[in-house]
Amino acid sequence: MKTKKKKIRLFLILLSVLIIVVLIFFFGSRKEKIKHVVKPSGTSSAVKPTKTVQMKKVTLFFLSEDDNLLHPEEREIQASSSVNDEAKELVEELIKGSKTGLLGPIPENTRVRQVFITSDGTAYVDLSRNLLGANYYGSSGEMAVVYSIVNSLAYNFKSVKKVSLLVEGNERETLGGHIDLSQPFVPDYSLVAR
Amino acid sequence: MPKFFRTLIAGLITLTLIGAVSASFALTGKKAKSVPTLKVTVEDESGFSKLQVSSNTNLSYSFKKSGNSLTISFKAPSGLKLDKKPFSSQLVKSVELAKSPNGYSLIIKTGAEDFTFSHSARKNPFELIVNLKLKGEKSSPPESSFSTAEKPAGQPAQTQAAAATEASAKGIGSKNQVKTIVIDPGHGGIETGAKGSFGTLEKDITLSISKKLKDDIERGLKYRVVMTREDDVVVPLDKRAAIANNNKADLFISIHANGSRRLRASGSETYFLSLNATDEEARRLAYFENNSGELKNEVSTNDFDDLKLILWDMAQAAYLKQSSQLAEIVQNELNELLNTKNRGVKQAPFKVLTGVACPAILVEVAFITNPEEEKMLQSDEFQTKVAEAIYQGLNKFLQLYEKQ
């Protein structure tokens with residue numbers, strides 16, 4: 001009888017853990033405001049997660065004080081089996097800014113909430129509200145934010161064809177009254193220095 | 001140990017039950033949340049009353065007029081809520097929402113039986129604008145060119161596509177009517193725009209230059225000038241385009257001061273709209289741009305509903321060529337009259353330009369984030385010169401078109 005009691009107790013513990021997991025599954029996901037149906041596109045660049053951290057070389061685009069163009073800077077990010085995770089890390093690196101004296105166009109206190117790439121090749125980049133209202137958001141300032149993100153993502157991930165910016169999970173009209181964010185952007189490499 | 005297995009099976013069943021219950025909870029919770037809300041505002045404009053209905057979800061609707069009331073029926077399977085702002089209107093007495101057999105009805109009671117109405121709509125976000133006016137009232141609502149007044153109830157809206165063709169057919173050189181230039185001073189109110197390091201705000205510079213430009217035009221040209229704002233107030237970007245379209249603008253000039261993270265960024269540039277879309281809509285728009293003359297013949301009625309929405313959102317697409325010419329001419333004048341660096345004519349997807357149904361440009365006068373240019377932008381002398389340069393550009397563009 002004792003062993004039976006023990007087993008029942010063990011089972012009850014397992015059961016409550018499962019219930020909690022189920023509840024988190026159903027209620028936890030409701031916080032996300034993004035309505036798009038997401039299907040992570042391909043795990044083609046899959047790297048088997050081993051204990052030694054695999055790195056991946058990427059190219060980020062920053063501004064330079066010298067001209068109006070975007071300038072490439074190489075960087076290493078942690079390789080992952082999920083393109084979404086790699087894309088998120090790339091945008092985070094972009095926000096951290098340049099290590100070679102270039103200018104980062106995105107406010108440094110911006111957080112990346114989520115990056116996900118849909119099967120049609122649109123990357124949704126969801127950023128925190130700190131992205132908004134920077135002093136330097138004239139037309140040029142806003143264009144720099146948009147195209148540093150769009151070009152960096154499209155340049156490094158084949159699955160990204162266009163990029164849509166979200167703020168706190170929602171679509172925004174503009175960052176500061178200029179560039180229309182309601183349509184996804186395709187990369188524009190004419191803005192990049194050669 | 002059969003007993004153990006029995007408890008295990010019982011446990012699994014309870015688990016599934018709990019899962020199902022919580023799942024249904026989650027689902028019903030979502031449903032209850034998504035009851036669409038109708039936001040209703042009523043405003044009196046000169047000669048008519050404007051009723052604006054907006055909602056976060058697209059709704060299908062039909063009209064019915066009887067006596068002194070107008071009923072708009074909405075199909076709303078998941079319910080509907082009303083959120084109306086208090087209003088006082090000469091014509092519209094009350095707006096109420098009532099449940100009807102097929103959905104909900106918005107009942108608009110007016111003070112008179114002999115009124116007519118016209119409407120326009122857009123989707124994403126859903127917005128329905130109904131203009132009501134008394135018969136015999138002389139000034140007509142701006143949307144009268146595609147008025148659906150007196151149409152039988154339930155007819156789908158006549159399209160903005162028709163309005164857009166009409167607008168493009170109107171051209172610039174047409175005579176016998178007062179022509180209008182709309183000046184759009186960028187930003188306003190809490191939307192300050194870019195800030196300079198000495199604290200200069202883009203919104204103040206744009207308003208100041210716009211006022212000077214208005215004076216220049218009124219002094220030198222036989223054009224009416226409409227400003228999208230005269231004071232330090234917030235005006236939403238789509239409303240600025242609506243002001244231009246409702247006033248049947250012939251030209252739209254948006255004035256801005258630039259900003260960049262690069263302190264050294266400097267110079268003047270003039271923008272016209274770029275179509276940022278890559279998808280099917282853009283292709284169809286490009287088609288329009290090239291074929292706007294034969295619009296009516298080319299488009300099958302099946303496509304009509306989609307097309308009107310695209311055109312409402314992207315009215316500017318039909319005017320890109322003229323806008324680019326206007327931009328070139330204005331940029332040349334800026335180069336002539338100002339000592340700023342010439343950054344040339346550029347294209348970008350500016351929100352404020354997309355809905356404007358006439359040649360439209362956006363002038364970035366100089367960089368407020370560049371300390372030297374910030375000082376320049378503050379000076380009355382520089383502002384006067386900028387206004388003069390833009391005025392000369394407009395003048396040259398209009399002369400070019402009036403000859404044709």
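**Strands, sheet and a helix in chain B**

Trainee: What is the bridge partner of Ser55(B) in strand 9 of chain B?

Mentor: Phe126(B) is the bridge partner of Ser55(B) in strand 9 of chain B. Before we go on, this is a predicted model, where local features need pLDDT of at least 70, side-chain atom pairs count only at pLDDT 80 or more, and totals for chains, interfaces and linings use all residues; side-chain values use heavy atoms, without hydrogens and water. Residues are numbered from 1 along each chain as its sequence is written, while chains are lettered from A and ligands numbered from 1 in the order in which they are written.

Trainee: What makes strand 2 and strand 9 of chain B a pair?

Mentor: Two strands pair if DSSP finds at least two bridges between them. Strand 2 (residues 48-55) and strand 9 of chain B are joined by 7 bridges and run antiparallel, so they pass that test. Strands are DSSP runs of E with at least two residues, helices runs of H or I with at least four, both numbered from the N terminus.

Trainee: How many bridges link strand 8 to strand 9 of chain B?

Mentor: Strand 8 (residues 115-122) and strand 9 of chain B pair antiparallel over 8 bridges, with Ser120(B) opposite Ile129(B). They form a hairpin with 3 residues between them, and Asn124(B) in the turn has a positive phi of about 50°.

Trainee: Is strand 9 of chain B mostly covered or mostly uncovered?

Mentor: Strand 9 (residues 126-134) of chain B is mostly covered, as 8 of its 9 residues are buried. Buried means under 20% relative accessible area, exposed over 50%, partly exposed in between (1.4 Å probe, protein chains only).

Trainee: Why are strand 11 and strand 14 of chain B said to stand at the edges?

Mentor: The open sheet of 6 strands in chain B has the order 11-10-12-15-13-14, with mixed pairing. Strand 11 (223-227) and strand 14 (342-348) of chain B each have a single partner strand, so one side of each is left without a neighbour in the sheet.

Trainee: How do you know that the buried residues of helix 10 of chain B lie on the same side?

Mentor: Those residues are Glu373(B), Glu374(B) and Leu377(B). They cover an arc of only 110° around the axis, which puts them on the same side of helix 10 of chain B; the arc is that of the directions from the helix axis to the C-beta atoms. The face turned away from the buried side of helix 10 of chain B carries the exposed residues Glu372(B) and Lys375(B).
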